[in-house]
Amino acid sequence: MGRPLARAFARRCVIATAIFAVGALALGEPKVITFPSIDTHTSADDSSQITFSTSSSSSSSSSTDDFLIASTHQHHATALLLDSADDEAIHIAARTFAHDIYRLTGVSPSLYNDSLPHDVKTAIVAGSASSKLISGLHGTDYADDLKGKWESYDVREVKQPGHGLEDSLVVVGSDRRGTIYALYTLSEQMGVSPFHFWSDVPVRSRPAIAFSHGKKLSHGEPTVKYRGVFINDEHPALWSWAAQKWKVKWGEPALLTDMYAPWFEMMLRLKANYFWPAMYASMFDVDGMDTYPGFPEQPLPGPNQVLANAMGVVMGTSHHEPMARNKPEWDRGQQGPWDWTNKDFLTEWWTYGAERAKGKETLFTLGMRGDGDMPLTGASNKLVENITATQQGILRDVYDTDDLSTIPQMWCMYKEVAEYFINGLEVPEDVSILFADDNWGNIMSVLPPGKEHKAGAGIYYHVDYVGMPRAYKWINTINLAKTWDQMSIARAFNTTAIWIVNVGTLKPLELPTEHFLSLAWDLDAWPINSVDTFLSQWASREFGDEVSDEVADIMSKYSMYASRRKAELVNSTTWSLTNYEEAERVLGEWEDLSERAGKVYEGLDEDTKPAFYELVYMLVLGQVNLNKLYIAAERSVLYSQQGRNAANVYARQAVDAFFEDEEITEKFHSLLDRKWDHMWDQTHINWNSWLEPVKDIMPPISFVKPNQPAREGIPIPELGYGVISNIRVTHENSQGSWPGNTAFNCPRGEHCGVPSLLPMDPYGVQSRWIDVGAAGPRSVKWKVESDKWIKVHPSHGHITKDASHDVRLRVSIDWDNVPENKDEVTGQFFLHATDGSNVTIEVPVRKYTVDKDFTGFVQGDGYVAIEAGHLVRNQSKGEYAFQEMKGYGRTRSGVEMFPMTTQNFTVGEGPSIEYDFWTHPIDTESDAGSDAKSDDATVDAEVTIQIGPTLNFLGVNKTIAFAFQLDDSSPTIINPVPTEPLGFASDRPENKPVAIGAVPKDWIDIVKNEIRDVRIPVKLAKSGGKHTIKIYGMTTGIVLERVLVDLGGIRSRGYSYLGPPESAHVTAK
């Protein structure tokens, strides 16, 4: 029993707002916890008076009388009073809350049931609104408003509440979880992270903790009723970790109550309430029981099931595991096939599951899919409707009721079941419809506008996935702004009965998991562009105020960079080595994050470093190293084809990065006496199919013989053949190398002309690169000569065999000295080496001008590229307008029409945004777009509107849309998402039969690339000048990322993943 409150503490404590550390903040909640700085002094009238100061509000200067929860100095912790008749889950949470106070202050509060010792004059009183304890308090009439509500709570100070108390902090919940959430919200504000166990966030000691006088912590019903997580794909990481941690023998269950107790605590701290358990090799409701020689004859709940209910967690099973039974139970005890020809046994088998779950809070999964996450044999709408009717009959019998609305049930529209729904599947009114995303974070359906469904509808979402077109399990690749957008769509269309997220093995997906659950709890707390606020509050809670802004920015950029393409899809050819310096830009961005994260890590105290490594640093290190590996590997291949000795340098760099990946993993596994050994065992390098390889595989690399110079065969001086060269010269936008000929120097591979850079102009990229590198055993000197208006830096140097002096030259133009009266001119660049190698490269330029009155983006290098957020005019229509979502997409942001509603504007009648751009006069004989068709006045061009990978979620025959207008042409309706479905991968001979579901036919490329390119052919005047692209909003769901206008410059350059950098912007003079 804790020390009773001293009489001195019954007196009012004098508190002055002043100097101590800023209080922790429960994400999205008002701050009510303060941390007083207590000083004891002797006064003439009261030697026991306690004076302490707090930073409850950094801007406040008023004195307050905060409610003291605990004080290390006084060895005091305020007692907790509970109702003995309240649910067991409240008592478990109260004990955990008391332990939280102990970990923070070193003092344990005493816990009492129903009454208090006479000398206790202050207490924390906690209970459900309907409990006898709360109902009997004075001054708590407000608690009546909570009765009958779902998971709501109120925390406030109440004077003279009864039970002999002079002061109290009353914690009341509408039900058991409402009370639990209130307690854990206080814990979070006191400094106990929901991830104190799962991510090792330290609990930092506090000399005193208080509740701010006059404040109230309250929350009404959550946005989403059932907010869940799904442990899935737990092999090899979670299962191997648990098996080792709890010394489980092969073949025995590894995920038992020792693991699930901290798991359920974490869920409740995150305000989740619904759980699908691991099911690869686990039987949640059976594991921990003696199952030899078979399952218990009576349907007895196992220890995991008992624990979940005791702690207040609603249990369910995954989308293909109906009636509260895991698939491994079927694998172990099946009799006959898993299809409806085995109706009698399946009915008996499902009845066992329902009886076992009776009395335990359960949300039953209904329906039936095929064995092994496949379509059901012989499935039709009528068949699966009959199966669900049978399952509901079981529930009526087991629960002895005709009112099935009292029994939570859901039917998941996953993969092929989504097609059944589109084709008219009837879902009973008392069964929640659980729609699924496409496994890649794109919602496929919402509750059809105008349709009422009594049990509501929800979303099954993924931050981890195993399946087509590529499994992704290794690392966090989730764009938080996209998650906000998709879940806001679900909320806007009243699809809020259930949100559940597939979290894989949780680590290292803690951040997107918490973000998803925060949105589910209270989406109103997180409006548009709230991701940065969320990240700042998250970083402050986990790592401290001092680094919160820096860490928030690191993880905001991480969210964008990592989501551009799943790590398992990145390979040696993802980033272009020749166009737009894409590989250099991508790797540079990652290296910058790594450097910044490293500085934060080194500045943290030792107790915080493990959490930062797990939640931030190892993710950044893993990503930068993976990209370094692939880029180095591809350089080795390209450079070997070009005859460059540097191929060997990058081959070795790739090998080093391959093994560095193992070192990063081992650093994580070795933390805290190997607490997380095996938790990052997931393979992730060099996948060659949709499913993971059994081990990481080194991607292809190439070596060359450095002592062998580049040769060209039969010497024919007139053709430049036969040169034995110790250098290779390569340039931007080409895989060729010089002197001489290679297969990449021109289409024929021989008799190639003088190499040429792509045309340069004042508004394009301001320099081109040319590489000079070693290609033989000799060290050689080189120098450059060029037309005087061509600037080359450096202009001379020397090359050594080991490629350590290879150099990238920058070629730029002195526009003031380009020959006058010539809008188009070609200069030359001459490189001479001391081994006799000579290379000439042409440098064509176009000298364009822009009207001085023009403001906007200007064509350069044969294209215009504009980030969607850089619009010039934004015209609203009533309450509808476009808004920018920061951090959305692959490069900067997304622009979408808000609010999200069923509104479908007539073309040209909705809100609009505009982009002004300038094109130069076009000469199809010499311009970069010379392959374009043209007439006397116009030339063909292509506008690409890049939008996010959103799907047609509005229902059958309802497509998302926008309208496009160029200059004075009529607006054109654009329906960017095909209505033709992809169907099953088995329809395509190159793939094995895998259910895909009702996704559009272009889905595979769209989700791989995380972008949809909407290509619109247009005609532009050859005379050039100002143009305007106008985008009209028509439906919710279109998120614009970039606007590209290609006059041949993009097409002529060929492949790059992210496309060109944004074009130059000018302002009227």
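1. Contacts of alanine 324. Apart from its neighbours within four places in sequence, alanine 324 touches Asp285, Thr317, Glu329, Gly353, Arg356, Ala357 and Phe364, a contact being heavy atoms within 4.5 Å. This is a predicted model, in which local features need pLDDT of at least 70 and side-chain atom pairs count only at pLDDT 80 or more, while totals for chains, interfaces and linings use all residues. Residues are numbered from 1 along each chain as its sequence is written, and side-chain values use heavy atoms, with hydrogens and water left out.

2. Setting of alanine 324. The residue lies in the loop between strand E16 (314–315) and helix H8 (327–333); helices (H or I, at least four residues) and strands (E, at least two) are DSSP runs, numbered from the N terminus. Alanine 324 counts as buried because its relative accessibility is 8%, where buried means under 20% relative accessible area, exposed over 50% and partly exposed in between (1.4 Å probe, protein chains only). From alanine 324 to lysine 360 there are 36 residues in sequence and 11 Å in space, C-alpha to C-alpha.

3. The chain as a whole. The protein chain has 20 helices and 44 strands. Its C-alpha trace spans about 110 × 85 × 65 Å along the principal axes. Of its 1069 residues, 61% count as buried.

4. Contacts across the sequence. Considering contacts in the protein chain between residues at least 6 apart in sequence, 74% join residues at least 24 apart.
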